[in-house]
Amino acid sequence: MQSELTLLFYVCQGADPSVVSSQGTPAIVLATMNKYVDCIPSLLESGADINARDKNGNTALHAAVNIGYGGKEVIDILLRWVTLMCAITLVNKSVEVRNL
C-alpha cells in the first residue's frame, strides 16, 4: 500500500498519469479508492484514461461506487469530466462539419 501511495504522490505532482501500480491498479483508480478528490481532476487533465481498469476490471467510477457515500464527490467529478468531453467532441464535430 505504501508503494501505491508513493506512486500516487508522484502522479499527482505531474508524473505520467497512465502509470499503474505493481498490483496493476491505474493511478486514477488508486486516487479514487483513497478518496484523493483534489488529485482526480489533475489526473484527468493530464491525460489519465477515465476508462482505465484494474486487474479486476474496475474503473474509477466502479471504485467510487464501491466507496459508498464517501465516493459521491468523486462520482460527481468523473461524471462532469465525461459530460465535458462529450460536449467538446460535439463542438469539434460541428466545427468540422461546417468546414466541409
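In which helix is Ile 75 found? Ile 75 is found in helix α5, and point 6 returns to this residue.

1. Basis of the note. This is a predicted model, in which local features need pLDDT of at least 70 and side-chain atom pairs count only at pLDDT 80 or more, while totals for chains, interfaces and linings use all residues. Residues are numbered from 1 along each chain as its sequence is written, and side-chain values use heavy atoms, with hydrogens and water left out.

2. Overall make-up. The protein chain has five helices and zero strands, and from the N terminus on its elements run α-α-α-α-α. Helices (H or I, at least four residues) and strands (E, at least two) are DSSP runs, numbered from the N terminus. Of the 100 residues of the chain, 33% count as buried; buried means under 20% relative accessible area, exposed over 50%, and partly exposed in between (1.4 Å probe, protein chains only). The accessible surface comes to about 6,300 Å², of which 56% belongs to carbon and sulfur atoms. Accessible areas come from the Shrake-Rupley method with a 1.4 Å probe, and for residues only the protein chains shown count as cover. Among contacts between residues at least 6 apart in sequence, 52% join residues at least 24 apart; contact means heavy atoms within 4.5 Å.

3. The nonpolar core. A nonpolar core is a set of buried Ala, Val, Leu, Ile, Met, Phe, Trp, Tyr and Cys residues joined through side-chain atoms within 4.5 Å. The largest such core has 20 residues, and those that touch the most other members are Ile 28, Ile 40, Leu 43, Leu 44, Val 74 and Leu 78. Two or more residues each are given to this core by α2, α3, α4 and α5 (72–98), and α5 gives the most, with five residues. Leu 44 touches Ile 28, Ile 50, Ile 77, Leu 78 and Trp 81, when residues up to four places away in sequence are not counted. In soluble globular proteins, nonpolar side chains tend to be buried together.

4. Ala 60, Ala 63 and Ala 64 are buried in α4. Seen down the helix axis, the buried residues of α4 fall within an arc of 100°, so they line one face of the helix; the arc is that of the directions from the helix axis to the C-beta atoms. The face turned away from this buried side carries the exposed residues Val 65 and Asn 66. Just after α4, Gly 68 takes a positive phi of about 90°.

5. A nonpolar surface patch. Leu 61, Val 65 and Leu 79 form a nonpolar patch on the surface, with about 250 Å² of accessible area together. Patches are made of residues with over 30% relative accessible area and no salt bridge; like charges are joined within 9 Å, and nonpolar side chains (Val, Leu, Ile, Met, Phe, Trp, Tyr) within 5 Å. Leu 61 lies in helix α4 and counts as partly exposed, at 35% relative accessibility.

6. Ile 75. At 19% relative accessibility, Ile 75 counts as buried. Not counting residues up to four places away in sequence, Ile 75 touches Leu 61, Ala 64 and Val 65. The C-alpha atoms of Ile 75 and Thr 32 are separated by 9.1 Å, although these residues are 43 residues apart along the chain.

7. The salt bridge. The structure holds one salt bridge, a term that denotes a side-chain nitrogen of Lys or Arg within 4 Å of a carboxyl oxygen of Asp or Glu. The side chains of Asp 76 and Lys 72 meet in it (3.0 Å, N to O). Both residues lie in helix α5, four residues apart, about one turn of the helix. Asp 76 is partly exposed at 31% relative accessibility, and Lys 72 is partly exposed with a relative accessible area of 44%.

8. Loop residues. Lys 35, in the loop between α2 (27–33) and α3 (39–45), has a positive phi of about 55° although it is not a glycine. Most residues other than glycine have a negative phi. Lys 35 is partly exposed, with a relative accessible area of 45%. Thr 59 lies in the loop between α3 and α4 (60–67) and is buried, with a relative accessible area of 6%. Leaving aside neighbours within four places in sequence, Thr 59 is in contact with Val 29, Ile 50, Asn 51, Ala 52 and Arg 53.
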